[in-house]
Amino acid sequence: MALKIYNTLTRAKEAFEPLEPGKVKMYVCGPTVYDYIHIGNARPMIFFDVVRRYLESVGYEVDYVVNFTDVDDKLIKKAAQMGVTVPEVANLFIEKYYEDAEGLGVEKATLNPRVTENMAEIIAFIDSLVEKGFAYENGGDVYFRTAKFPEYGKLSHQNLDELQFGIRVEVDERKENPQDFVLWKAAKPGEIFWSSPWGNGRPGWHIECSAMVRKYLGDTIDIHGGGQDLQFPHHECEIAQSESLTGRPMAKYWMHNGYININNEKMSKSLGNGVNVNQMLESLSPQLIRYFMLSAHYRNPLNFSAETIEQAKNGLARIDNCVSNIKHRLSTAGDGDVDPAVERAVRDVQTQFEQKMNDDFNTPDAVTAFFELVNAANLHMQQKEVSRSSLERLLQQFEAMDKILGILTKAEELLDDEIEQLIIERTEARKAKNWARADEIRDLLTERGIILEDTPQGIRWRRK
RNA sequence: GGCGCCAUAGCCAAGUGGUAAGGCAGAGCUCUGCAAAAGCUUUAUCCCUAGUUCGAUUCUAGGUGGCGCCUCCA
């Protein structure tokens, strides 16, 4: 089965066919770098990382661009608060972004362009829109003339007449129409600015993505993604700008991930329930966070709570245990071919994994494939004699799937000498049937976070 | 007011026009010196009502409940 992607534009799953065979051009709206990234940012980061890895694993060459919005009202405000410049704020949080992204096991995008490095392109873009009559200047601001773009609303399936403008934010009286949006904002005294044909100012929010998509990936790209809240107005405006200018579709497939709730509530500043990624990483492993994020379908909401995290922790431990148990078994395994039952199980799991990923990136079912493999491996290891090749075949399959999801705990730490000695001593004690001493040592190590397990193949240890 | 989304076991979560995967938690058993890990067994009138159909949890309509967006929040 070939890959299918749910396209927000058509509200249907569509067969994925890249514009250019073998290549995928993908753009995901990145963060506004005015603060640490939070758990809500982490979802698209992890999900689209998985999309990108999967596309690469099936042979596509992926051009993956994620931008930084490094100038806007929030940055200006933050800079004032911190008593530093806007670029200083941006640089600080871009640095933090990279730390957190790495902490989440997110692979680096092909490119992370910044707004401020693309001013010339942005101004030229706006200029062309003005020239073509899609935009107009008023008092140093430039607005997009939505009336000139009849398809405005096609992504979010909104009817312009029905939208309620000015409910949430006051309508600027300099606009011809309330639905017009700003392309260029005149600078207020003391604000950071760039000079332009319309005077000193800075870009509106939406124009940056239009300009950078075009510059780095082209007039039409394959996949454009982001959080579902970006659907309207952000992506809608991008479409209006780009398609007015080029006369071509901006992107073939539009993908939007759902929200993360915290204890069943929307995460918001006013509730003060935000969770930053760097805080989260203090107590949760990257693999656990990824496992958690991928355990629900990307278009569905996902609830972050002590309970759901605990469940994820226990679920992931089952998979990790299995993998480390296979590795432990390796040292005592014999020669011989891959067991036919193992071979069959591995193939079934691989097929299942691919089918589910092909079905609009059904990661919850892809995780289920891990559990199927766990069960097959555990059953196989109940046998007295197993071959190294069978175990390696199983490990290979775990790794193949993990290359895409990135959920297996990697750490293969060594034990320090003292612990090593205690384990040896315990082995002796057990031989001598000195159960008291054996239990004492086991308890001692448990306190230090080492769990000992006696198996027919010797003592196995793992960290709690 | 407009446009949408969601409702599956104690919890999390897939899925299908032919009576429902997987995980967590719980219970019992097996294995174990005791454990752990693992295995086995066990837990669902798929929100309500009407309709379409031989047959609906799955499609349609209505209802109830929860949620999102409607100009700068991923």
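The legends below describe close-up views of a predicted model.

**View 1. Helix H3 and the elements it packs against.** Helix H3 covers residues 86-103, 18 residues in total. From first to last C-alpha the helix reaches 25 Å, close to the 26 Å expected at 1.5 Å a residue. Its buried residues are Val86, Val89, Ala90, Phe93, Ile94, Tyr97, Asp100, Ala101 and Gly103. In an α-helix, residues three or four places apart point the same way, because there are 3.6 residues a turn. Just after H3, Gly105 takes a positive phi of about 70°.

**View 2. The aromatic pair Phe68 and Tyr98.** The model holds 18 aromatic pairs. In the pair shown here, the ring centres of Phe68 and Tyr98 are 5.6 Å apart and the planes stand at 90°, so the arrangement is edge-to-face. The pair links distant parts of the chain, 30 residues apart: Phe68 belongs to the loop between S4 and H2, and Tyr98 to helix H3. Phe68 is buried at 1% relative accessibility, whereas Tyr98 is partly exposed, with a relative accessible area of 29%.

**View 3. The aromatic pair Tyr152 and Phe232.** The rings of Tyr152 and Phe232 are also edge-to-face, because their planes meet at 70°, over the 60 degrees required, with centres 6.3 Å apart. Tyr152 lies in the loop between strand S6 (141-144) and strand S7 (181-186), and Phe232 in helix H6 (residues 231-246); the pair links distant parts of the chain, 80 residues apart. Tyr152 has a relative accessible area of 6% and is buried. Phe232 is partly exposed, at 26% relative accessibility.

View 4. Phe47, Phe48, Tyr54, Tyr298 and Phe361 form one aromatic cluster. Arg299 lies over the face of Tyr298, at 5.7 Å from the ring centre.

**View 5. A lysine over a tyrosine ring.** The ring of Tyr34 has the charged end of Lys74 sitting over it. The distance from that charged end to the ring centre is 5.3 Å.

**View 6. The hairpin of strands S14 and S15.** Strand S14 (residues 450-455) pairs with strand S15 (residues 458-463) in the antiparallel sense, over 6 bridges. The hairpin joins the two strands through 2 residues. Trp461 in S15 is the bridge partner of Leu452.

Methods: Residues numbered from 1 in each chain as written. Chains lettered and ligands numbered in written order. Predicted model: local features only at pLDDT ≥ 70, side-chain atom pairs only at ≥ 80, totals over all residues. Heavy atoms only, no water. Helix = DSSP H or I, 4+ residues; strand = E, 2+ residues; numbered from the N terminus. Expected span 1.5 Å × (residues − 1). Buried < 20%, exposed > 50% of the residue type's maximum accessible area, 1.4 Å probe, protein only. Pairing = 2+ DSSP bridges. Phe/Tyr/Trp six-rings, centres within 6.5 Å; stacked < 30°, edge-to-face > 60°. Lys NZ or Arg CZ within 6 Å of the ring centre and 35° of its normal.
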